[in-house]
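Dear colleague,

Please find below the structure that I would like to hand over to you. My notes on it follow directly after.

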Amino acid sequence: MFPRLRTWSLAAAAFVCATSAAVPAAAQEPQADIRQELAALKAEIQQLRGEVTALRASAVPQPPAAPAPAEQPAAPAAAPQASLDVLHAQVAELAQTKVESTSKMPVKIFGTVHANVFANSATANWLDNPNLVAAPPADGHLGTFSATLRQTRIGLTMDGPTVGGARASAVVAMDFFGGIPGFQTGQVMGLPRLLVAYARLDGDHTAVEIGQDHMILAPRDPTSLAAFAFPALFRSGNLYLRTPQARVEQALGTQRVRVSAGIVAPIGGDLAIEDYRFVPPALSGERSQRPGVQAHLGFSSGEADAKRLAGAGVSGHYGWERRGGDLAESWAAALDFLIRVDRIGIAGEAFVGDNIDAFGGALGLDARAAGGWAELQLFPGSPVSFNLGGGVDQVTDDERAMLVRRLNRTAYGNMIFALTPEIDASFEYRWLGTSPGTGDERRNHHFDWVLAYKF
């Protein structure tokens with residue numbers, strides 16, 4: 001911009017001189033006004049040049065310099081180089097605060113700070129998210145109260161390149177629900193736990209995923225902000241496990257029908273030790289020397305945030321466990337559904353299976369069982385929603401030895417407040433009833449207050 005101002009000044013001066021020499025004296029009077037205007041223009045250009053120089057000095061501090069002669073245009077300052085130095089400094093500062101991967105692909109941090117205060121009226125197996133009621137303690141005193149943040153979650157999502165027309169992505173997430181250390185105040189030192197870690201390729205109709213994720217069997221869960229680390233109704237009709245797997249998903253027709261199938265790690269659910277282990281032990285699933293197989297066929301209509309949507313699916317699992325040198329079958333079949341019309345919705349799941357203690361079936365025991373759960377969802381208006389439901393899991397195997405548990409029931413109700421897009425609050429009441437092999441049903445009333453901040 002500044003060389004152009006110098007060019008205009010020289011051109012204007014040359015034009016004035018040429019005009020004075022070429023035009024006769026008689027014709028110079030009409031040119032007087034033009035010469036005055038050119039002189040005014042030259043003065044204005046010089047004034048603008050001075051203002052630009054002042055702006056340079058204020059934006060980038062410069063050492064004092066001797067003033068240039070009035071007849072000569074000012075020499076170009078070193079402002080462009082100084083501006084580049086400032087820009088490089090700003091880029092360096094931003095580089096210290098951004099998240100970056102070695103592949104230079106976009107990375108995003110997400111998570112939830114989850115704080116809950118809870119109380120139990122009896123002996124709950126997990127104080128902050130109970131799913132079974134244990135026998136009373138020796139001193140006969142029932143009930144507990146405390147608070148925790150071990151359901152807090154943090155993770156990364158990564159968008160990768162396009163591979164053969166499919167978009168690559170990856171997710172890694174963890175929480176602090178992995179137990180507590182053996183220390184005097186270990187209950188406030190929640191240990192990290194891997195939730196999911198997988199990579200995906202998503203095409204127009206086909207997706208491939210390898211890693212740890214929610215298993216293919218029984219993919220639907222009840223609605224609960226209090227049960228954030230483990231889904232609600234685990235061991236009361238809701239089958240659940242996040243497991244290493246390799247799956248393929250195929251959309252059929254207009255994408256409303258989707259088929260998922262894959263193999264899953266052979267987790268037998270028979271790890272009974274209480275101490276820390278550095279390596280996974282060789283249990284019944286690992287000793288079977290073969291993976292499990294799962295599949296799901298589902299139909300859906302409408303978007304997840306729509307006020308009218310419907311979905312249903314059937315799924316199955318087949319695997320093996322080795323006990324005493326013999327292979328035992330592990331199998332399950334499940335049906336899930338979801339319907340919402342404006343302010344009312346219903347959802348649920350039902351299952352039957354054998355040796356599915358790893359998924360919470362049969363109250364976590366090696367036995368044949370059946371159960372399920374159902375939920376009523378109410379959406380009276382922003383920012384509050386209500387959920388009411390219950391589940392049951394019952395052992396149906398009469399051929400095996402007497403079990404320590406034979407029936408587990410849970411009923412719950414919660415209010416969830418979406419205070420802002422980032423902040424949710426909830427109050428939940430949960431009733432649990434666990435029937436042992438012999439004796440009366442053990443009952444617990446669980447109260448939970450939650451504040452969650454999403455980022």
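W126, F177, F230, F234 and Y240 come together in one aromatic cluster. Please bear in mind throughout that the model is predicted.

Two members of that cluster, W126 and F230, form an edge-to-face aromatic pair, with 5.0 Å from centre to centre and 70 degrees between the planes. The pair links distant parts of the chain: W126 belongs to the loop between β1 and β2 (144-148), whereas F230 belongs to the loop between β6 (206-214) and β7 (242-252), 104 residues apart. W126 counts as partly exposed because its relative accessibility is 22%, while F230 counts as buried because its value is 16%; the limit for buried is under 20%.

Y429 and F447 form a tilted aromatic pair, at 5.4 Å centre to centre and with 45 degrees between the planes. Here strand β16 (residues 423-436) supplies Y429 and strand β17 supplies F447, and the two residues are 18 apart in the chain. Y429 is partly exposed, at 28% relative accessible area, and F447 is likewise partly exposed, at 31%. The count of aromatic pairs comes to 10.

On the surface, a nonpolar patch is formed by V99, I109, V113, L149, I154, L156, Y453 and F455, which together have about 650 Å² of accessible area. β1 (107-120) and β3 (153-163) are the elements that give two or more residues to this patch. Y453, also in the patch, lies in strand β17 (residues 442-454) and is partly exposed, with a relative accessible area of 41%.

Finally, some figures for the chain as a whole. The chain contains 5 helices and 17 strands. Of its 455 residues, 36% are buried. Among contacts between residues at least 6 apart in sequence, 59% join residues at least 24 apart. The chain exposes about 25,500 Å², of which carbon and sulfur atoms supply 63%.

With kind regards

Methods
Residues numbered from 1 in each chain as written. Predicted model: local features only at pLDDT ≥ 70, side-chain atom pairs only at ≥ 80, totals over all residues. Heavy atoms only, no water. Patch = residues over 30% accessible without salt bridge, like charges linked within 9 Å, V, L, I, M, F, W, Y side chains within 5 Å. Areas by Shrake-Rupley, 256 points an atom, 1.4 Å probe, with all protein chains shown as cover. Salt bridge = Lys/Arg side-chain N within 4 Å of Asp/Glu carboxyl O. Helix = DSSP H or I, 4+ residues; strand = E, 2+ residues; numbered from the N terminus. Buried < 20%, exposed > 50% of the residue type's maximum accessible area, 1.4 Å probe, protein only. Contact = heavy atoms within 4.5 Å. Phe/Tyr/Trp six-rings, centres within 6.5 Å; stacked < 30°, edge-to-face > 60°.
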